[in-house]
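Trainee: Before we discuss how the helices pack, could we look at the sequence and the structure together?

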Amino acid sequence: MSATKLVGVIAVGGALLASSACGPLDSVTGGGDKKAACDNIKSAAEKLSSTSVAPDPNNPQASVAASTQKLTDFASTVRSEGQKAGGDVESSASKFASDIDAAAASLRQMASNPLGGTSGLSSINNMKTSGEALSKACGFSGGFRIGM
């Protein structure tokens, strides 16, 4: 899987997380910090999926660096908002953020060593699982699905 394709899959996953957030959040989470945190995670996912880094054939490393920085920033937001919410949202957000960081690391590795294997695929599968847990903790309907 190419580095560009991995970024696309991750962005699509973020978009699906954001678009599936339509459940009665207050009744599921109890409102307050959880609702605000989940809304902020949803907004961050929408922002991630709506902005892209144009590939630069003359400097692919710069494109990868920009994309992975976006993922790292998103993971930081997810982790921070999860801490504000506490409970199951915090634990789910922490796991999801760790999986996003792992996907970013896999993307960096794939860019520097394109023949180095497909560890990025396991990162995406882990993100899918942890994203579904976060969706459930936030009361999002539909869950988190990654697809092309």
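**Helix faces and packing**

Mentor: Keep in mind that this is a predicted model.

Trainee: Within what arc do the buried residues of H3 fall, seen down its axis?

Mentor: The buried residues of H3 are Ala 37, Cys 38, Ile 41, Ala 44, Ala 45 and Leu 48. An α-helix has 3.6 residues a turn, so residues three or four places apart point the same way. The buried residues of H3 therefore line one face of the helix, falling within an arc of 120°.

Trainee: How are H3 and H4 oriented to each other, roughly parallel or roughly antiparallel?

Mentor: The axes of H3, residues 33-50, and H4, residues 60-85, come within 8 Å and cross at roughly 170°. Because angles over 145 degrees count as roughly antiparallel, the two helices are roughly antiparallel.

Trainee: What is the relative accessible area of Thr 68?

Mentor: Thr 68 is found in helix H4 and touches Ala 104, Leu 107 and Arg 108, not counting residues up to four places away in sequence. Buried means under 20% relative accessible area, and Thr 68 is buried, with a value of 2%.

Key. Residues are numbered from 1 along each chain as its sequence is written. This is a predicted model: local features need pLDDT of at least 70, side-chain atom pairs count only at pLDDT 80 or more; totals for chains, interfaces and linings use all residues. Side-chain values use heavy atoms; hydrogens and water are left out. Axes are lines fitted to C-alpha atoms, for helices over the stretch in contact, and angles run from 0 to 180 degrees between N-to-C directions. Helices (H or I, at least four residues) and strands (E, at least two) are DSSP runs, numbered from the N terminus. Angles under 35 degrees count as roughly parallel, over 145 as roughly antiparallel, 65 to 115 as roughly perpendicular and the rest as oblique. Buried means under 20% relative accessible area, exposed over 50%, partly exposed in between (1.4 Å probe, protein chains only). Contact means heavy atoms within 4.5 Å. The arc is that of the directions from the helix axis to the C-beta atoms.
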